[in-house]
Amino acid sequence: MNGEPERKELVLVVDDNEPNRLLAQQTLEDEGYSVILATGGAEGVAAFERHPPDCVLLDVRMPGIDGIAACQQMRRIPGGQEVPIVFLTAQRDVDTLDRALQVGADDFLTKPVRPAELIVRVQAALKVRRLGSELRGLVELLRHQRDDLLRLQLQKERLSAFVVHDLKNPVNVMDLHAQLLLREKNLSESGRQAAAQIRYEARQVNRMLLNLLDLSKGDEGKLTPKRTEVDLQSHLDEVFSEIELSARARNVTLRSEAMGITARADVDLLRRMLVNLIENAIRHSPMNGAVRVVATEQNGTTEIRVSDEGPGIPREMREKVFDPFVQIESGDRTVTRAGRGLGLAFCKLVAQAHAGTIWIEDAAPGAIFCVKW
């Protein structure tokens with residue numbers, strides 16, 4: 001012990017956005033790190049050469065020398081190959097990931113950056129730097145596997161965006177033409193029924209596309225409800241009208257008890273959740289059965305219960321049905337309680353986005369899907 005103070009590890013933060021720089025500085029300094037700030041790529045490279053850091057947080061998109069070019073230059077500086085560089089990016093795409101990996105990125109943080117995640121990533125990067133060569137090889141293997149998983153995730157997000165944005169327009173055009181047909185006074189009754197069915201199916205496809213988009217947002221933590229006061233009885237009347245064809249096909253009676261009940265919720269998310277729950281109930285009800293929706297409110301908490309008269313759901317499967325594409329066995333037939341694969345997963349996402357819960361109870365016979373927030 002020579003009495004000298006322990007050296008603080010130095011982190012270089014390179015970002016052209018001042019609030020981002022200050023957030024990173026405050027977060028890191030609170031954890032005992034020394035911090036150097038740079039407002040752009042050129043300034044960051046100069047600071048890297050002047051004061052060799054132990055770790056770098058580097059924004060990808062910056063005017064002039066961007067993060068990719070700055071990383072390349074840092075790696076060419078003596079000792080630069082050993083310094084972990086963590087990229088900060090708002091661009092969730094495969095091209096950005098691959099370009100960053102090619103120039104030597106060690107890790108990635110998606111903006112907006114959460115302070116707790118920032119600390120964990122910096123600590124992990126510094127620990128890897130201190131490892132011996134044998135352990136470092138194992139870490140590199142895990143890092144490559146992580147990068148492959150991230151690439152697959154980004155490709156999935158790109159596919160989801162394609163499916164949603166490129167298919168919404170033709171689906172909406174189908175709905176529009178069905179509406180135009182329904183306005184034709186000379187249209188035969190069979191033609192009118194066909195046009196109504198086309199419109200119903202087009203609206204179903206559109207809902208599924210929106211559900212897929214919202215599930216992707218939920219994976220990224222970006223689904224934020226826009227709450228307003230909703231009259232639940234009026235809302236349910238509109239939902240019943242929207243899915244009337246589905247109920248009529250099975251001769252299922254729709255009943256609701258929500259008079260005078262209001263709730264603070266995102267109107268569009270609530271509507272699509274109710275449509276998914278009620279259509280799921282219709283699909284699993286016997287012919288000539290009934291689906292009942294009951295809403296209650298107490299001390300600012302709203303609860304909605306959707307019950308059917310179908311085969312019910314085994315207790316051990318009641319959590320799993322909210323996972324995407326789950327099938328369960330009921331009696332001698334396979335019942336897909338997740339609807340069209342994503343319906344109940346979307347309902348769970350909406351409940352959680354409203355800081356609520358969703359669960360299943362016995363209806364004896366049937367199942368009751370309960371949502372509370």
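Contact in this report means heavy atoms within 4.5 Å, axes are lines fitted to C-alpha atoms, for helices over the stretch in contact, and angles run from 0 to 180 degrees between N-to-C directions. The structure is a predicted model, in which local features need pLDDT of at least 70 and side-chain atom pairs count only at pLDDT 80 or more, while totals for chains, interfaces and linings use all residues. Residues are numbered from 1 along each chain as its sequence is written, and side-chain values use heavy atoms, with hydrogens and water left out. Helices (H or I, at least four residues) and strands (E, at least two) are DSSP runs, numbered from the N terminus.

## The sheet

Two strands are said to pair if DSSP finds at least two bridges between them. By this criterion, five strands form an open sheet in the order E7-E9-E10-E14-E13, and the pairing is mixed. Strand E7 (253-257) and strand E13 (357-362) are the edge strands; each has a single partner strand, so one side of each is left without a neighbour in the sheet. From one strand to the next, the twist averages 15°.

The pairings with stated bridge counts are tabulated below.

| Strands | Sense | Bridges |
|---|---|---|
| E7 and E9 | parallel | five |
| E9 and E10 | antiparallel | seven |
| E10 and E14 | antiparallel | five |

Buried means under 20% relative accessible area, exposed over 50%, and partly exposed in between (1.4 Å probe, protein chains only). Within H8 (residues 232-242), the buried residues are Leu232, Gln233, His235, Leu236, Val239, Phe240 and Glu242. The N-terminal end of H8 is capped by Asp231, which has a side-chain oxygen 3.2 Å from the backbone nitrogen of Gln233. Helix H11 (residues 343-353) lies across E13 and E14 and runs at about 125° to E13.

## Nonpolar cores

A nonpolar core is a set of buried Ala, Val, Leu, Ile, Met, Phe, Trp, Tyr and Cys residues joined through side-chain atoms within 4.5 Å. The largest such core has 42 residues, of which Leu232, Leu254, Leu270, Leu277, Ile278 and Ile304 touch the most other members. Two or more residues come from each of H8, E8, H10, E9, E10, H11, E13 and E14. H10 gives the most to this core, with nine residues.

Residues up to four places away in sequence aside, Ile304 touches Leu232, Leu270, Leu274, Val293, Val294, Ala295, Phe369, Cys370, Val371 and Trp373.

Glu303 is found in strand E10 and is buried, with a relative accessible area of 15%. The side chain of Glu303 makes a polar contact with the side chain of Arg305 at 3.0 Å. A polar contact is a pair of N or O atoms within 3.5 Å; within protein, one must be able to donate a hydrogen and the other to accept it, and residues adjacent in sequence count only if both atoms are side-chain atoms. Leaving aside neighbours within four places in sequence, Glu303 is in contact with Val294, Ala295, Thr296, Trp359, Val371 and Lys372.

## Loop residues

Most residues other than glycine have a negative phi. Asn288 has a positive phi of about 65° although it is not a glycine; Asn288 sits in the loop between helix H10 (267-283) and E9 and counts as exposed at 54% relative accessibility. Ala355, in the loop between H11 and E13, has a positive phi near 60° and is exposed at 69% relative accessibility.

Met259 belongs to the loop between E7 and strand E8 (262-266) and, at 69% relative accessibility, is likewise exposed. The C-alpha atoms of Met259 and Val294 are separated by 9.5 Å, with the two residues 35 residues apart along the chain.
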